Amino acid sequence: MEKKKKEIALLKKSKAIREEALTWQRTVTYFIIVVSLLFLIAALMFYTRYRVRLKTTRALSNEIEDHKRTTKKLQESEEKFRILAETSVVGIYIAIDQVIQYVNPKFLTIFGINREDILQHGLLKLVHIEDRTLVSEKMNLRIQGYDAAHCYEFRGIKGNGEAIYLESYGGLTHYQGQEALLETVIDITDRKKVAQRLLNSQKMEAMGILTGGIAHDFNNLLAILVGYLEMVKEELQPGSN
């Protein structure tokens, strides 16, 4: 009986040891599973961050390359404009809110001034006082998107005070990130003088034709009068007065 009790106690103890071993094994297994899951989550997070960073880096790199290409194209465009403007046979200026930001050499030659005399000054400074309202209205219309394709004439004032006649063409552009007015001006003073001389010549020619016609008609009248006088003279008695 005592022996049987000992065997039962031994079996219980063995069972407890097995259960404890199984519990420890399950705990270790769960621990390994949890650690593996944490490691997998960490790996996925690292991989995701790596992919996001890689994608961001590529996007940033592409953006930098696009910016470089855009900057290069802008520089090339500005260089082409500079060459074209600097060698142009017409005056060119760029204005923001009617304040001059850029002028080319021909513009300075037309007005007989230095670049420092006009940059950051209002364009109306170079416009005849009687035409300033016209020029201001035309500039405002072009800024608003109207009248962009039409030219207009106005009188300018050179640096020495001499009045000149100008013809202006222009439209909208962007300068240093702001909306600006790009205009060209052509000196038509000589053309105006030639046209005035031609008009005066035509007036003189018309006056000559008119005068010649009047003289011709007057001569015809005189010829008739002289003819009648000759007839009257022949009919008078000799010695009569």
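Which residues of strand 1 lie on one side and which on the other, and are they buried or exposed? Here is a friendly walk through the structure, point by point.

1. **The opening answer.** On one side of strand 1 sit Gly91, Tyr93 and Ala95, on the other Ile92, Ile94 and Ile96, and all of them are buried. "Buried" means under 20% relative accessible area, "exposed" means over 50%, and "partly exposed" is in between, using a 1.4 Å probe and protein chains only.

2. **What you are looking at.** This is a predicted model, in which local features need pLDDT of at least 70, side-chain atom pairs count only at pLDDT 80 or more, and totals for chains, interfaces and linings use all residues. Residues are numbered from 1 along each chain as its sequence is written, and side-chain values use heavy atoms, with hydrogens and water left out.

3. **The overall layout.** The chain has 4 helices and 5 strands, in the order α-β-β-α-α-β-β-β-α along the sequence. Helices (H or I, at least four residues) and strands (E, at least two) are DSSP runs, numbered from the N terminus. Of the 241 residues in the chain, 17% are buried. Among contacts between residues at least 6 apart in sequence, 38% join residues at least 24 apart; a contact means heavy atoms within 4.5 Å.

4. **The partners of strand 1.** Two strands pair if DSSP finds at least two bridges between them. Strand 1 pairs with strand 5 (residues 178-187) in the antiparallel sense over 5 bridges, and Ala95 stands opposite Leu181 there. Strand 1 also runs antiparallel to strand 2 (residues 99-103), joined by 4 bridges, with Ile94 opposite Tyr102.

5. **A turn to look at.** Strand 1 and strand 2 form a hairpin with 2 residues between them. Asp97 is in the loop between these strands and has a positive phi of about 55° although it is not a glycine. Most residues other than glycine have a negative phi. Asp97 is exposed, with a relative accessible area of 64%.

6. **A second residue with positive phi.** Gln176 lies in the loop between strand 4 and strand 5. Its phi is also positive, about 55°, although Gln176 is not a glycine. Gln176 counts as exposed, at 65% relative accessibility.

7. Which face of strand 3 is covered and which is uncovered? Tyr152, Phe154 and Gly156 make up the covered face, while Glu153, Arg155 and Ile157 make up the uncovered one. Strand 3 and strand 4 run antiparallel, joined by 6 bridges, and Phe154 stands opposite Leu166 in strand 4. The two strands form a hairpin with 5 residues between them, and Gly161 in the turn has a positive phi of about 90°.

8. **A buried histidine.** His128 is in the loop between helix 2 and helix 3. With a relative accessible area of 17%, His128 is buried. Not counting residues up to four places away in sequence, His128 touches Arg155, Gly156 and Ile157.

9. **The nonpolar cores.** A nonpolar core is a set of buried Ala, Val, Leu, Ile, Met, Phe, Trp, Tyr and Cys residues joined through side-chain atoms within 4.5 Å. The largest has 21 residues, and Tyr93, Phe107, Phe111 and Met139 have the most contacts inside it. Two or more residues come from each of strand 1, strand 2, helix 2 (105-111), helix 3 (132-143), strand 3 (152-157), strand 4 and strand 5. Helix 2 gives the largest share, 4 residues. Leaving aside neighbours within four places in sequence, the contacts of Tyr93 include Phe107, Met139 and Leu181. Apart from this core lies another, of 6 residues, among them Ala85, Ile92, Ile94 and Ala180.

10. **The largest pocket.** On a 1 Å grid over the protein atoms alone, a pocket is an open set of points where a 1.4 Å probe fits, with protein on both sides within 12 Å along at least five of seven lines; lining residues have an atom within 4 Å of a point. The largest pocket has a volume of about 320 Å³, where volume is the space filled by probe spheres set on the points. Of its 13 lining residues, Glu78, Phe81, Ile94, His174 and Tyr175 lie nearest the centre. Helix 1 (2-86) and strand 4 (163-175) each supply at least two lining residues, and helix 1 gives the largest share, 5 residues.
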